[in-house]
Amino acid sequence: LAKGKVKLTAFVPTDKAFRGLATTLTGKKPATERATFRALAKAAGVDVIEQVLLYHVVPGKTLGSGKVAKADGVELTTAQGATVTVKVSKKGIKLVDQDPDLHDPKVIATDINKGNPQIAHAINRVLLPIDL
């Protein structure tokens, strides 16, 4: 996946999204990126964090914002192996993950790296492949 010529779409959480997840899991708000990673790794484990990161990548497809906006109800299979469902409404695009207890992430910026085989869209929460 790290090779730039492999087609993929990544839904990339903001730093604030990761900090929010760490706060939810630990009850404490980390002050830095390093503290956020350490809090997440301690709360969930490095193996779980790896699975969470892979859950944000849809391999084999370069899905620009136009395709994503037309994908209401479509299930996207992630590099982690589970699926994320696209929900499109007048309020925007959300991604429905496997954790029913937390708010679904909303796409807040699109077409990062447009014109390349790998494209990204920023989201405001972390997608979760399991119910944490």
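Is Thr78 buried or exposed? In this predicted model, Thr78 has a relative accessible area of 4%, and because buried means under 20%, Thr78 counts as buried. The residue sits in the loop that links strand 3 (75-77) and strand 4 (83-89). Apart from neighbours within four places in sequence, the residues in contact with Thr78 are Leu54, Tyr55, Val57, Val58, Pro59 and Val84. Leu53 is 25 residues away from Thr78 in sequence, and the two C-alpha atoms lie 10.0 Å apart in space.

Helix 1 covers residues 15-26. With twelve residues at 1.5 Å a residue, helix 1 should span 16 Å, and the 16 Å between its end C-alpha atoms agrees with this. Ala17, Arg19, Leu21 and Ala22 are the buried residues of this helix. Among the elements that cover them are strand 1 (8-13), helix 2 (33-44) and strand 7 (118-123). Just past the end of helix 1 comes Gly27, with a positive phi of about 80 degrees.

Helix 2 also meets helix 3 (residues 46-54): their axes come within 7 Å and cross at roughly 110 degrees. Angles of 65 to 115 degrees count as roughly perpendicular, so helix 2 and helix 3 are roughly perpendicular to each other. On the helix 2 side, the contact is made by Phe37, Leu40, Ala41 and Ala44; helix 3 contributes Val46, Val48 and Ile49. Of the residues in this contact, seven are nonpolar, none is polar and none is charged.

How values were computed: Residues numbered from 1 in each chain as written. Predicted model: local features only at pLDDT ≥ 70, side-chain atom pairs only at ≥ 80, totals over all residues. Heavy atoms only, no water. Helix = DSSP H or I, 4+ residues; strand = E, 2+ residues; numbered from the N terminus. Expected span 1.5 Å × (residues − 1). Buried < 20%, exposed > 50% of the residue type's maximum accessible area, 1.4 Å probe, protein only. Contact = heavy atoms within 4.5 Å. Axes fitted to C-alpha atoms, helices over the stretch in contact; angles between N-to-C directions. Parallel < 35°, antiparallel > 145°, perpendicular 65-115°, else oblique. Nonpolar A, V, L, I, M, F, W, Y, C, P; charged D, E, K, R; others polar.
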